Amino acid sequence: MNRRFFSMNRIFAIFLGVTLSYSIVLTILSGLPRFSHVPDQPSPGLVDYTPEQAAGRKLYVQNGCVYCHSQQVRPVEIDTLFLHGTRPSLPSDYVYDRPHLMGTMRTGEDFTNIGRKYTGEAGKQRLEAILKNPRAAVPETFMPNFHHLSDREITQLVSYLQSLGSWKEPYQGAIDEWQPSYWKDIPNRTQEANQAIQAQPTYIYPIFIVIGSIMVLVFAGLLWSWQRNHFADIEEPAHRMIHDPE
Ligand code: HEC
């Protein structure tokens, strides 16, 4: 190989090119979220966290609750369990959540509307009991114990939990009403697709077999021909290069 291919200048140019492309991509990527569809108006009724609740939210982050508890109720049947008499989540529910704590796992349950499940003084006491000793509440649970938190911190966490979803209007209607319109407007074509598959001509398999057989025959013919040295003159230059480099 030509030595000058790896000359210093070239290495420098490659390095510069890679660095430049990388920084351009990085700049674009870090700017992109600004153009995404983020609502700036909160949902009706939603208010910012009080200092007490904000402190609780911070503890929620610090103690990794988000790894086991999600905060997103989807407009699907299986999530109705977490509605607690209200509607599924909307993007505008999260305007005060930076970063949002939607989570990706439900090892425990979803907390979007937990404040509606445990209300008032009784709810507060119940939540405190769960946090201090989850096994006292659910004997077989594997939720970790948070007894290292002070009473003050438990109170903050509980006031945060009680705030979640508590501001929402009650809602008892159909949950698929809350599906974004771009999902609702997509026609369901499953049946059509099934019919199309069933209506497929049955001669498609014989065609596969015929084409496959032809390919096997052509390949066998080439092999037969090659073994009888019919390609000697095509191979000759390559042979020469390998065995006689000069
Ligand atoms: C390792 C996973 C895990 C972590 C981390 C975790 N939890 Fe849990 N949590 C669970 C599970 C699982 C349950 C459900 C109880 C059960 O049935 O076992 C639960 C239940 C709960 C409940 C009761 C919910 C109800 O409706 O009765 C509350 C409240 C709760 N967790 C709060 C928290 C908070 C606050 C944190 C963070 C400080 C936290 N959890 C961290 C797994 C976890």
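Ala, Val, Leu, Ile, Met, Phe, Trp, Tyr, Cys and Pro count here as nonpolar, Asp, Glu, Lys and Arg as charged, and the others, Gly among them, as polar. By that scheme, the shell around the ligand divides into 14 nonpolar, 6 polar and 2 charged residues. The model is a predicted one, in which local features need pLDDT of at least 70 and side-chain atom pairs count only at pLDDT 80 or more, while totals for chains, interfaces and linings use all residues. Residues are numbered from 1 along each chain as its sequence is written.

Around the ligand lie 22 residues, of which C65, C68, G108, T141 and M143 come nearest (a residue is near if its C-beta atom, placed from the backbone, lies within 6 Å of the molecule). Two or more residues of the shell come from each of α4 (120–132) and α6 (helices are DSSP runs of H or I, at least four residues, numbered from the N terminus). The most is given by α4, with 3 residues.

Helix α6 (residues 151–163) also packs with helix α2 (residues 51–62), at an angle of about 100 degrees and with the axes 7 Å apart (axes are lines fitted to C-alpha atoms over the stretch in contact, and angles run from 0 to 180 degrees between N-to-C directions). That makes α2 roughly perpendicular to α6, a term for angles of 65 to 115 degrees. The contact, defined by C-beta atoms, placed from the backbone, within 7 Å, brings E52, Q53, A55, G56, R57, L59 and Y60 of α2 to E153, Q156, L157, S159, Y160 and S163 of α6. Its residues divide into 5 nonpolar, 5 polar and 3 charged.

Definitions and conventions. Angles under 35 degrees count as roughly parallel, over 145 as roughly antiparallel, 65 to 115 as roughly perpendicular and the rest as oblique. Two residues are in contact if their C-beta atoms, placed from the backbone, lie within 7 Å.
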